[in-house]
Amino acid sequence: MLDIKFIREFPDLVRDAIAKKHLTVNLDELLALDSSIATKKRETEDFQAEANRVAKEIPKASPETRPELIQRGKDAKASLTTLEPELRELEAQLKTLMFQVPQIPWDGAPVGADETSNLETLKVGSPRVFDFVPLDHVALLEKNRWAETERVARIAGTRSYSLRGDLALLEMSVLRFAVDFMVQRGFELITVPSYAREEAFYAHGQFPSARDQVFAVEGEDRFLAGTAEVLLNSLHSGELLEETDLPKLYVSISPCFRAEAGAAGKDTRGLTRVHQFNKVEQYVLAPADKNKSDELFETMLGNSRAILEALELPYRLLETSTGDMGTGKYRMVDVESWVVSEGRYRETHSCSALHDWQARRANLRYRDSSGKPRFCFTLNNTALATPRILVMLLENHQNADGTVNIPAVLQPYMNKKVLEPSK
RNA sequence: GGAGGGUUGGCCGAGCGGUUGAAGGCGACAGUCUUGAAAACUGUAGUAGGGGAAACCUUACCGGGGGUUCGAAUCCCUCACCCUCCGCCA
């Protein structure tokens, strides 16, 4: 959500952002609604003032003048009973539109409709040259009996995964490694539920636009979160934090649920795209300072890069285009890691800065040094997500005999150097 | 699931139909005192809108939403959350 005052003052900037992000938001309607609300509000407030005035006089009034005053109060109220619902209706309409207005993307973002306009900015490490024919991760799973794909699919449906033996342990190890890594970098570990009320999804920005990506709990106002960010973003809703509390650096780990609507036929095999996965998430609540936000963005991106480097995986950075970054975002950099079997990089991390767009929705405020309440800036980034990262770990670190080497940083968690087949 | 009690400003807490945007305390800020700090004393200060050059005027907000009334923090309905007891349970 943007500040309505900002939209009034710079409608062209907003119009430009809508175009760059390839959205269809009726800004003219929004502005028209805004001005008719102003008019109606003034009218309503006049009657409210009259009603207040009368109500104040009545206790002091003589018995003779009282009936007349009460009648005036009744008249004012009668006008209000028609005006107030009209005003409420207009405000509801405005709110609907306000929820759709995007954050202004930064100047450096490539302008384009979708991911084809994303710009590769850095490549780290180079894809391994094999002296044998490498297997894809699904073949490695089968060969080593590390998964229970078919049986579990019968019970839970498609896009479900289940790991066995050393690979199940590796999943826990790599998650724990990522948590430890983030804690070492000064982030506080906080665990959160994987579900939340509708309100939190609006605050996060996923609702209303991407509602179809979210699983709903039947008969309840509860939805399964696709990321811990949904919960973290509402953690301080309604509070008035002190500037000295900021930035708040959180790392969280949670099961994440995604409906994957519209992805039918995509990545149907293996561990790349599943309905439930685990994610270690970085989330930062920052003061409303663009430079500070930029700085934190680099820090968070650096964390993800360091994790991938520790896992000895080649990766690249993509500066996400305006059409691909998402409505609320100021800037997004995707981190993609090398998938041997596909001969390409696939997204494993996504680093975003939203400035105050989310904070306005979630009502995240702090008192700045001058004592004035301000909306915070928010940022988030993946630290690590399984099982997708296992695809990269298996394929990149495989041996000719089908075994898989464990990266040095994970060996202490596994107490071994090579993943062994299950029986 | 059943039965009660609660939710008030940055925090704690009083108020339970009209003069309460809300006592009192803490914390914050400014000043007096002090070499400085503390203590003490004095003063300032809610949030979000609208109008105005300004002084200032005005509207809404006492968990969310709705209602009763000329008038609601106070009464009613509803939802959410918290606490206590009972039942069930990892």
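In the hairpin of β9 and β10, 4 residues lie between the strands, and Gly 343 among the hairpin residues takes a positive phi near 60 degrees. Helices (H or I, at least four residues) and strands (E, at least two) are DSSP runs, numbered from the N terminus. This is a predicted model, in which local features need pLDDT of at least 70 and side-chain atom pairs count only at pLDDT 80 or more, while totals for chains, interfaces and linings use all residues. Residues are numbered from 1 along each chain as its sequence is written, chains are lettered from A and ligands numbered from 1 in the order in which they are written, and side-chain values use heavy atoms, with hydrogens and water left out.

**The hairpin and its sheet**

Strands of a sheet pair through backbone hydrogen bonds, either parallel or antiparallel. Here two strands pair if DSSP finds at least two bridges between them. Strand β9 (residues 331–339) and strand β10 (residues 344–355) pair in the antiparallel sense over 9 bridges. Val 339 has Arg 344 in β10 as its bridge partner, and Glu 336 stands opposite Glu 347 in β10. β9 also pairs in the antiparallel sense with strand β8 (residues 315–319), over 5 bridges. In that pairing, Leu 317 has Val 335 in β9 as its bridge partner.

These strands belong to an open sheet of 8 strands with mixed pairing, in the order β1-β8-β9-β10-β13-β7-β6-β2. The edge strands, β1 (119–124) and β2 (188–189), each pair on one side only.

β9 is mostly covered, with 9 of its 9 residues buried; buried means under 20% relative accessible area, exposed over 50% and partly exposed in between, with a 1.4 Å probe and protein chains only.

**Helices across the sheet**

Helix α12 (residues 388–396) is mostly covered too, with 8 of its 9 residues buried. Among them are Ile 389, Leu 390, Val 391 and Met 392. α12 lies across β9, β10 and β13, running at about 35 degrees to β9. Such angles run from 0 to 180 degrees between N-to-C directions, and the axes are lines fitted to C-alpha atoms, for helices over the stretch in contact; contact means heavy atoms within 4.5 Å. Helix α10 (residues 290–310) lies across strands including β1, β8 and β9, and runs at about 5 degrees to β13.

**The RNA strand**

RNA strand B is surrounded by 21 residues, and the closest are Glu 45, Gln 48, Ile 58, Lys 74 and Arg 197. A residue is near a strand if one of its heavy atoms lies within 4 Å of it. The residues of this surface divide into 7 nonpolar, 3 polar and 11 charged. α3 supplies the largest share of the surface, 7 residues. Of the atoms of RNA strand B within 4 Å of the protein, 79% belong to sugar or phosphate and the rest to bases.

The table gives polar contacts, each a pair of N or O atoms within 3.5 Å.

| Residue | Atom of RNA strand B | Distance |
|---|---|---|
| Gln 48 (side chain) | sugar or linking oxygen | 2.8 Å |
| Lys 74 (side chain) | phosphate oxygen | 3.4 Å |
| Arg 365 (side chain) | sugar or linking oxygen | 3.4 Å |

**The chain as a whole**

Chain A has 13 helices and 15 strands. Of its 423 residues, 50% count as buried. The C-alpha atoms of chain A fill a box of roughly 100 × 45 × 40 Å, taken along the principal axes.

Key
A polar contact is a pair of N or O atoms within 3.5 Å; within protein, one must be able to donate a hydrogen and the other to accept it, and residues adjacent in sequence count only if both atoms are side-chain atoms. Ala, Val, Leu, Ile, Met, Phe, Trp, Tyr, Cys and Pro count as nonpolar, Asp, Glu, Lys and Arg as charged, and the others, Gly among them, as polar.
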